[in-house]
Amino acid sequence: MKHFLLTTTLILATVGFAAAQQKKAPASPPAETSANFGGKAVSIKYASPSVKGRKIVGGLLPFGEVWRAGANSATALHAETDLQIGTLAVPKGDYTIYVIPTATEWTLIINKQTGQWGTEYSQSNDLGRAKMTVKAAPALVESFKISLSASALTMEWENTIATIPVKAK
């Protein structure tokens, strides 16, 4: 009987340990992009959702509605220098990024509220808005991706690529 209890305890402990070790990857994993502007860092932190066979632009992301530019928590922009993003002057600091997609262009929104859940948007906190150019992606972009370089901010997902010029002021 002692042998049976010891064996059962060891089996249950092993199964429990194995289950604890198998963490499921998040559906929308965290992602980050960054670039240097004259030695000053600019970074964007976001969660990267996937297409998973769904219609995204004009479907899951309805045309003309504000979207958090990612998943989960709001997409965070941190700038250690003043920026010019399209037509919008962005002083150094911390912001949240949203977009409004349409079939022909996206509108980038830089919002002064930070740290909120991604769906908590208040237009009264907008620093401003700027138009992004849109083109068709050459192939399916399964996972949402934001890229930042010293000259552009680009968002890619499904069959769409949206871009806006960026430079240090």
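Tyr46, Trp67, Phe144 and Trp157 are joined into a cluster by ring pairs. The model is predicted, and local features need pLDDT of at least 70, while side-chain atom pairs count only at pLDDT 80 or more. Residues are numbered from 1 along each chain, and side-chain values use heavy atoms.

Across the whole structure, five aromatic pairs are found. Rings of Phe, Tyr and Trp (its six-membered ring) pair if their centres lie within 6.5 Å; planes under 30 degrees apart count as stacked, over 60 as edge-to-face and the rest as tilted. Two of the pairs are set out below.

| Pair | Centre to centre | Angle between planes | Class |
|---|---|---|---|
| Tyr46 and Phe144 | 5.7 Å | 85° | edge-to-face |
| Phe144 and Trp157 | 5.7 Å | 65° | edge-to-face |

Tyr46 in strand β2 and Phe144 in strand β8 (residues 126–148) are 98 residues apart, and their pair links distant parts of the chain. Trp157 lies in strand β9, so its pair with Phe144 ties together parts 13 residues apart in sequence. Strands are DSSP runs (E, at least two residues), numbered from the N terminus. Tyr46 and Phe144 are both buried, as is Trp157; buried means under 20% relative accessible area (1.4 Å probe, protein chains only).

On a 1 Å grid over the protein atoms alone, a cavity is a set of points where a 1.4 Å probe fits but cannot get out; lining residues have an atom within 4 Å of a point. The lining includes Val42, Ile85 and Val166.

Methods. On a 1 Å grid over the protein atoms alone, a cavity is a set of points where a 1.4 Å probe fits but cannot get out, and a pocket is an open set with protein on both sides within 12 Å along at least five of seven lines; lining residues have an atom within 4 Å of a point. Helices (H or I, at least four residues) and strands (E, at least two) are DSSP runs, numbered from the N terminus. Buried means under 20% relative accessible area, exposed over 50%, partly exposed in between (1.4 Å probe, protein chains only).
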